[in-house]
Amino acid sequence: MFERFTKDARAVVTGAVEHCERAREEAVDEAHLLLALLDREASRGSFALASLGLAGRRTEVERALSEARRRGGLSRADAEALTGLGIDLTEIVSRVEEAHGAGALAVGGTGGGRRGSGRRPFTRGAKDLLTESLRIAIAQRDRHIGDEHLLLALTARPGVPAEVLADHGVTYEAVTRVLYGGGAAKAG
């Protein structure tokens with residue numbers, strides 16, 4: 001599959017590994033791919049993000065991803081569902097951190113150790129996202145997988161990155177409209 005990746009898509013994957021390493025986390029996940037997408041300039045994916053108003057809002061995105069990681073990777077929707085069942089996730093996180101230290105529930109961990117090959121593995125979710133980007137490229141009749149397909153895959157899959165992007169008006173429909181509909185879409 002990687003032979004079909006464009007230079008921009010490969011740069012996103014490489015950037016995701018670098019984000020993972022800088023954070024001293026064990027495995028590359030979807031959030032690392034999103035952060036690497038935000039690093040891109042002069043690509044189709046960066047054009048879509050800028051057209052939808054996400055340029056200059058990186059700090060907000062990083063904060064939202066960090067909050068979700070602190071909640072053990074649960075999306076806000078998951079947290080709200082637990083609240084509906086009478087479970088106060090904020091209280092649970094506070095108590096666990098009080099007993100075990102800040103970030104004790106954070107997914108990804110800070111083990112910092114590399115596997116035998118010296119490379120960070122990709123989580124199942126990150127692998128599924130890469131596969132979804134291939135499906136999207138094929139559905140669009142594109143011969144290669146670009147960073148725009150990675151962005152579309154991030155918005156198409158349920159989870160924290162899609163939720164964070166949607167909070168900023170970046171949805172699958174909006175990205176598709178910008179990339180294939182002939183114009184910029186309004187963030188909403």
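**Exercise 1. Determine where Ser 46 lies and whether Ser 46 is buried or exposed.**

Step 1. Ser 46 belongs to helix 3, residues 44-51; helices are DSSP runs of H or I with at least four residues, numbered from the N terminus. The model is predicted, so that local features need pLDDT of at least 70 and side-chain atom pairs count only at pLDDT 80 or more, while totals for chains, interfaces and linings use all residues. Residues are numbered from 1 along each chain as its sequence is written, and side-chain values use heavy atoms, with hydrogens and water left out.

Step 2. The relative accessible area of Ser 46 is 12%. Buried means under 20%, exposed over 50%, and partly exposed in between (1.4 Å probe, protein chains only). Ser 46 is therefore buried.

Step 3. Leaving aside residues up to four places away in sequence, Ser 46 touches Arg 40, Glu 41 and Asp 147; contact means heavy atoms within 4.5 Å.

**Exercise 2. Classify the angle between helix 2 and helix 8, and state which residues meet.**

Step 1. The axes of helix 2 (residues 30-39) and helix 8 (residues 147-156) come within 11 Å and cross at roughly 135°. Axes are lines fitted to C-alpha atoms, for helices over the stretch in contact, and angles run from 0 to 180 degrees between N-to-C directions.

Step 2. Angles under 35 degrees count as roughly parallel, over 145 as roughly antiparallel, 65 to 115 as roughly perpendicular and the rest as oblique. Helix 2 is therefore oblique to helix 8.

Step 3. From helix 2, Glu 30, Leu 33, Leu 34 and Leu 37 meet Asp 147, Leu 150, Leu 151 and Leu 154 of helix 8.

**Exercise 3. Classify the angle between helix 7 and helix 8.**

Step 1. The axes of helix 7 (residues 124-139) and helix 8 come within 8 Å and cross at roughly 110°.

Step 2. The two helices, helix 7 and helix 8, are therefore roughly perpendicular to each other.

**Exercise 4. State where Arg 24 and Arg 141 lie, and how accessible Arg 24 and Arg 141 are.**

Step 1. Arg 24 is in the loop between helix 1 (7-22) and helix 2, whereas Arg 141 is in the loop between helix 7 and helix 8.

Step 2. Most residues other than glycine have a negative phi. Arg 24, not a glycine, has a positive phi of about 55°; Arg 141, also not a glycine, has a positive phi of about 65°.

Step 3. Arg 24 counts as partly exposed at 48% relative accessibility, and Arg 141 is exposed at 75%.
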